[in-house]
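Please keep the sequence and the structure in view while reading.

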Amino acid sequence: MLDDTWYTEQWAGEGSAISLEVKEKIHDFQSPYQRVEVFDTTRFGKLMTLDGLVMVTERDEFVYHEMLAHPALFTHAAPRRVLIIGGGDCGTLREVIKHDSVEQVDMVELDQAVTDAAAEHFPSLHAATFDPRARLYFQDGIAWVADAEPGSYDVILIDSTDPVGPAQGLFSVDFYRNCHRALASGGVLAAQSESPLFHADLIRAMQRDLKAAGFNDVATVDFPQCTYPSGWWSVTLGARDGSASAFRGEDTAQPPFATRYYHAARHRGALTPARFLAE
């Protein structure tokens, strides 16, 4: 906190920060894994932070959650079985269950305190947990994927925190190799891959490691995310067999559900990297 009325997150090593004006702190809990705080802000609704870093705000969460879920689900021919690693605020789960083809969603979140905070302070996100297709497990996602039956999922979505601490293992070639094994033929993986401006080297490493793990093709989509470092974020996709850039254009042109950011033209444009990223 900069003072009693502003939440400030400094972006280490980048000489920059973000500040949000807050009315009050309304939740503060130290779990075995991290400190979970919720603030009521003046313009961004509720704000949840983990160890002092922005996880989600009510005002802009839809951009991130839609772009993590829908590019991957529309890249798959007919996703039925979906695994979410992380995603404790349940926003990604909310987007997944919009797809009628989905029959089962396993959400594996390490820290139940995050989902408990979402239940209390972000009910519009947590409501997705009541869908009969959703199954929640509070376990280690890395171990879950390692133990998964081969070919047990059509889509795996990795909704993780930054690659430090417990989440570091979610950015490794060994983890991606286990994901590849857990995906059925035609399967698709999507993982949050940080800021194209601040973390281009990480995106390049993720693409390299996904290919080393056996994925046939990779692609990165980028999008604005006001409250994440640099205000610009990305998701990297891996296609087990086919193309990570080909998606069901007819279905995305007129999807049978509402979105606020995602649509076919956004998906297509987000696949085209800025020149410095392409280079």
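A residue is called buried when its relative accessible area is under 20%. The model discussed here is predicted. Under that cut-off, strand β12 is mostly covered, since 7 of its 8 residues are buried.

**The sheet**

Strand β12 belongs to an open sheet of 7 strands, arranged in the order β8-β7-β6-β9-β10-β12-β11 with mixed pairing. At the edges lie β8 (134–137) and β11 (217–224), each of which pairs on one side only. On average, neighbouring strands of this sheet are turned by 15° against each other, direction ignored. Strands of a sheet pair through backbone hydrogen bonds, in either a parallel or an antiparallel sense.

Both neighbours of β12 in this order can be described through their bridges. Strand β10 and β12 (residues 232–239) pair in the antiparallel sense over 5 bridges, while 8 bridges join β11 to β12, again with the strands running antiparallel. The table lists some of the residues that face each other across these pairings.

| Residue | Partner in β12 |
|---|---|
| Q192 | V235 |
| D217 | A239 |

Helix α1 (residues 61–75) packs on the sheet, where it touches β6 (81–86), β9, β10, β11 and β12. The direction of α1 makes about 160° with that of β9.

**Two helices with buried residues**

In helix α6 (residues 173–182), the buried residues are F175, Y176, C179, H180 and A182. They lie on the same side of α6 because they cover an arc of only 165° around the axis. An α-helix has 3.6 residues a turn, so residues three or four places apart point the same way. The buried residues of α6 pack against α5 (141–147), β9 (153–159), β10 (183–192) and α7 (200–212).

Helix α3 (residues 112–121) also has buried residues, namely A113, V114, T115, A117, A118 and H121. Where α3 starts, a side-chain oxygen of D111 comes to within 3.0 Å of the backbone nitrogen of A113.

**The cysteines**

How many disulfides does the model contain? The count comes to 0 disulfides, where a disulfide requires two cysteine sulfur atoms within 2.5 Å. C90 is in no disulfide, and the nearest cysteine sulfur, that of C179, is 20 Å away. C90 is buried, with a relative accessible area of 0%, whereas C226 counts as partly exposed at 46% relative accessibility.

Key. Residues numbered from 1 in each chain as written. Predicted model: local features only at pLDDT ≥ 70, side-chain atom pairs only at ≥ 80, totals over all residues. Heavy atoms only, no water. Buried < 20%, exposed > 50% of the residue type's maximum accessible area, 1.4 Å probe, protein only. Helix = DSSP H or I, 4+ residues; strand = E, 2+ residues; numbered from the N terminus. Arc of directions from axis to C-beta. Contact = heavy atoms within 4.5 Å. Pairing = 2+ DSSP bridges. Axes fitted to C-alpha atoms, helices over the stretch in contact; angles between N-to-C directions. Polar contact = N/O pair within 3.5 Å; in protein donor to acceptor, adjacent residues only side chain to side chain.
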